[in-house]
Amino acid sequence: MGLMTFLRNRAGYILVFAIGFAIVAFLVGDAINVGKPFWSANQKVVGSIDGNDINIDEFGPKVDQGVNQMKQQYGGSANAQMTAMAVDQAWNAELAKVLLTKEYDRLGLTVSEDELLDLLQGQNPSPLIKQYFSNPQTGQVDRATLMNFLKSKEPQALQQSTMLQEEIKNQALQTKYSNLIRNSVYVTSLEATDEYNNRNKLANFKYVSLDYASIPDKSVKLTDGDYSEYYDQNKARFNNPQETRAFEYVTFSISPNKADSLAIKAQVDKIAADFQVAKNDSLFAAINSEVKIPFTYLTKGKLDPAVDSAVFALPAGSFYGPKLTGNSYKIIKVVATRISPDSVKASHILIDPTKVGGEDKAAKLADSLKTLILKGGNFAELAKNYSVDGSKDKGGELPTFSRGQMVPEFENAAFDGKPGDLKVVKSQYGYHILKIEKHIGSSKVAKLAYVEKALTASSKTQAAAYKAASSFLADVKGNDFSKLATQKGLKVGVADKVAPTQGFAAGLDNPRKLIQDAYVADKGDVLPEIYTMSNAYVVARLTNISPKGILSLADVKKEIEPMVINAVKAKQLKEKFANAGSNLDQVAAKVARPVNPVQNVVFANPVIPGVAQENALVGSVFGSQPGKVSAPVQGERGVYVFTVDGFTSPAPIANMFKQKESMLLSLGQRSLGSAFQALQENAKIKDNRVKFY
């Protein structure tokens with residue numbers, strides 16, 4: 001099967017481009033704050049980091065690789081969300097590579113040749129070596145396979161080995177940098193004691209509250225001063241890490257109508273009738289199905305769950321459907337069923353025709369070796385001398401494999417034979433002398449001829465929807481978008497805080513082209529196209545641009561309105577508490593509200609049971625003396641007046657070292673993110689991805 005296939009079968013598609021874009025995933029995440037898009041004269045520049053241009057010719061394949069990995073991981077075909085995630089992943093990897101490499105150089109961090117050798121094949125190898133070369137049964141590094149891979153002169157192996165070594169170096173440098181940052185932070189005894197008390201000191205108190213809900217919103221009349229006061233007090237909350245845009249839109253449905261559904265059903269019934277009498281099931285399925293299912297033995301669980309159990313309960317010769325599930329009809333012929341092993345343990349000797357003088361000689365050699373083994377020849381010795389596969393150093397022994405892991409010819413021979421069989425099998429890699437060691441487990445498998453037909457709108461329905469969208473797009477120019485939509489009986493959707501590279505937007509399943517156009521439009525513009533979603537045509541208008549940095553009051557006015565209303569209500573409710581009495585019972589009587597007792601609250605978890613998280617209230621409690629009636633406190637749910645009954649202090653810290661150690665762990669992790677964020681803030685980053693994706 002070849003060393004590459006052996007490795008692929010064990011570890012997934014390994015080492016293509018940067019491995020999984022794993023670069024500092026632990027650093028990136030929310031720390032990524034990049035600049036707003038710019039329009040470069042160079043049509044191929046996706047972005048620039050401290051003067052290092054990122055070219056689409058190099059960036060594109062990394063995105064494609066990320067999409068392919070996600071397709072393997074999550075199944076199905078690529079969608080806008082997958083692409084957006086892959087674009088972010090590739091971009092974050094570029095950011096990390098440029099910014100961290102500069103840091104490594106500045107700090108003098110390197111990985112020596114001796115270190116690299118130790119990480120590749122020493123007693124404590126790199127996590128990547130463990131990931132790709134561990135035996136699945138034992139969990140130990142398979143050193144024979146590893147050494148074979150590192151010594152291989154095959155061009156593909158050399159290329160992958162170089163990539164692996166680069167990635168191991170990167171990971172080692174990341175670890176050194178992480179340790180450097182972690183070791184630069186410390187926790188004092190005072191901080192440790194403070195943290196311990198915050199989690200363990202208990203407060204008992206009573207409170208009286210007046211809820212904001214007791215005043216109707218419509219009775220509150222807001223002034224410009226009310227907005228300004230709230231905005232000025234909370235300005236730090238309005239920092240926008242990157243430019244975002246908002247748009248409103250209307251949709252014109254292209255879901256199938258009743259007539260479309262009936263027409264598709266008639267078409268499906270005709271296909272089903274023809275399928276029942278078809279002479280060649282696999283050919284019929286290949287021609288008529290919109291979704292291709294391989295014509296080979298499948299295990300349960302590979303089909304749509306809505307039909308999987310029903311189909312696998314049927315005997316060979318059964319016909320199932322048409323069955324409408326999700327958005328498509330399924331029609332299935334159960335061609336054959338059998339009980340098959342779940343997995344196989346096998347050994348093989350692989351003869352490469354190019355190494356022995358052609359196909360004929362390879363076939364003859366394979367037959368000769370088979371005869372020799374049947375007469376008592378040593379399989380392991382022959383594998384060592386004749387096989388070109390990486391398994392030869394282990395006597396041809398392969399890891400246990402299940403269906404779908406090996407090339408079809410090899411798989412079929414291994415699963416269809418019986419333990420002890422010796423077979424010659426031809427595959428794309430050459431001639432295998434296959435020895436079936438044992439079969440493990442057993443379950444029903446079925447060979448299915450599968451036809452799937454989507455329930456879609458007719459061209460007539462789609463044309464009518466497109467015509468309505470075109471008419472709206474023409475009429476809305478120069479008109480009020482929302483007003484025209486209302487006149488035409490259309491619902492207006494809103495997508496706000498849309499970042500330039502995100503792959504989703506509220507209510508839209510394929511919004512990338514729309515978002516791209518929104519990022520070259522001016523505020524108030526109707527976007528130039530009719531955008532096609534999977535079930536609708538969309539017309540949109542850009543309503544707002546929120547630049548990077550502290551947003552203006554105008555940008556956040558609508559968003560903060562509920563909080564401003566509560567702030568005005570808080571002033572009115574505080575007045576009701578004025579001069580209410582010198583103890584809590586008098587206060588309660590004046591405002592006609594009960595006294596509520598609260599037991600055992602800690603500062604680190606400021607939740608009032610059954611009420612809400614009330615940070616301001618609990619913070620005030622821990623800053624108060626017992627026995628005194630507090631001033632009114634403005635909270636999340638309402639305004640509170642309280643009296644502290646008392647505090648219960650915890651026993652002194654039993655193990656100061658352990659307390660500091662647990663705090664250092666958390667502090668160290670946060671410090672990595674902070675360091676990476678600082679690197680970005682000090683870098684000149686230009687992000688032009690929205691122009692390409």
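Four strands form an open sheet in the order 18-3-22-21, with antiparallel pairing; two strands count as paired if DSSP finds at least two bridges between them. Strands (E, at least two residues) and helices (H or I, at least four) are DSSP runs numbered from the N terminus. At the edges lie strand 18 (596-601) and strand 21 (633-634), each of which pairs on one side only. Strand 21 is joined to strand 22 (residues 638-648) by 2 bridges, and these strands run antiparallel. Gln634 has Val639 in strand 22 as its bridge partner.

Helix 21 (residues 584-591) lies across strand 3 (202-211) and strand 22, and runs at about 20° to strand 3. Such angles, from 0 to 180 degrees, are taken between the N-to-C directions of axes, which are lines fitted to C-alpha atoms, for helices over the stretch in contact. Contact means heavy atoms within 4.5 Å.

## Basis and confidence

This is a predicted model, in which local features need pLDDT of at least 70 and side-chain atom pairs count only at pLDDT 80 or more, while totals for chains, interfaces and linings use all residues. Residues are numbered from 1 along each chain as its sequence is written, and side-chain values use heavy atoms, with hydrogens and water left out.

The average pLDDT (the predictor's confidence in each residue, from 0 to 100) is 88, and 93% of the residues score at least 70. Residues 1-41 have a pLDDT below 50; this stretch has 130 contacts in the model beyond near neighbours in sequence. Where pLDDT is low, the predicted coordinates should not be read in detail.

Of the 10 residues in strand 5 (residues 244-253), 8 are buried. Buried means under 20% relative accessible area, exposed over 50%, and partly exposed in between (1.4 Å probe, protein chains only).

Strand 5 pairs with strand 16 (residues 536-546) in the antiparallel sense over 10 bridges, and Val250 has Val539 in strand 16 as its bridge partner. Strand 5 is also joined to strand 14 (residues 493-498) by 4 bridges, again antiparallel. Here Glu248 stands opposite Val494.

## Nonpolar cores

A nonpolar core is a set of buried Ala, Val, Leu, Ile, Met, Phe, Trp, Tyr and Cys residues joined through side-chain atoms within 4.5 Å. The largest one has 44 residues, and those with the most contacts inside it include Phe59, Ile129 and Tyr177. Among the elements that give two or more residues to this core are strand 1 (45-49), helix 2 (56-74), helix 7 (155-182) and helix 23 (656-681). Helix 3 supplies the largest share, 11 residues.

A second, separate core has 18 residues, including Ala505 and Tyr519.

## Aromatic pairs

The structure holds 17 aromatic pairs. Rings of Phe, Tyr and Trp (its six-membered ring) pair if their centres lie within 6.5 Å; planes under 30 degrees apart count as stacked, over 60 as edge-to-face and the rest as tilted. Phe59 and Tyr693 form an edge-to-face pair, 6.1 Å centre to centre with 65° between the planes. Phe59 is in helix 2 and Tyr693 in the segment after strand 23 (685-687), 634 residues apart. Phe59 is buried, with a relative accessible area of 0%.

Phe603 and Phe622 are also edge-to-face, because their ring centres are 5.8 Å apart and their planes are at 85°. Phe603 lies in the loop between strand 18 and strand 19 (607-608), and Phe622 in helix 22 (residues 615-622). Phe603 is partly exposed at 36% relative accessible area, whereas Phe622 is buried at 18%. Ring pairs also link Phe205, Tyr207, Tyr640 and Phe642 into a cluster.
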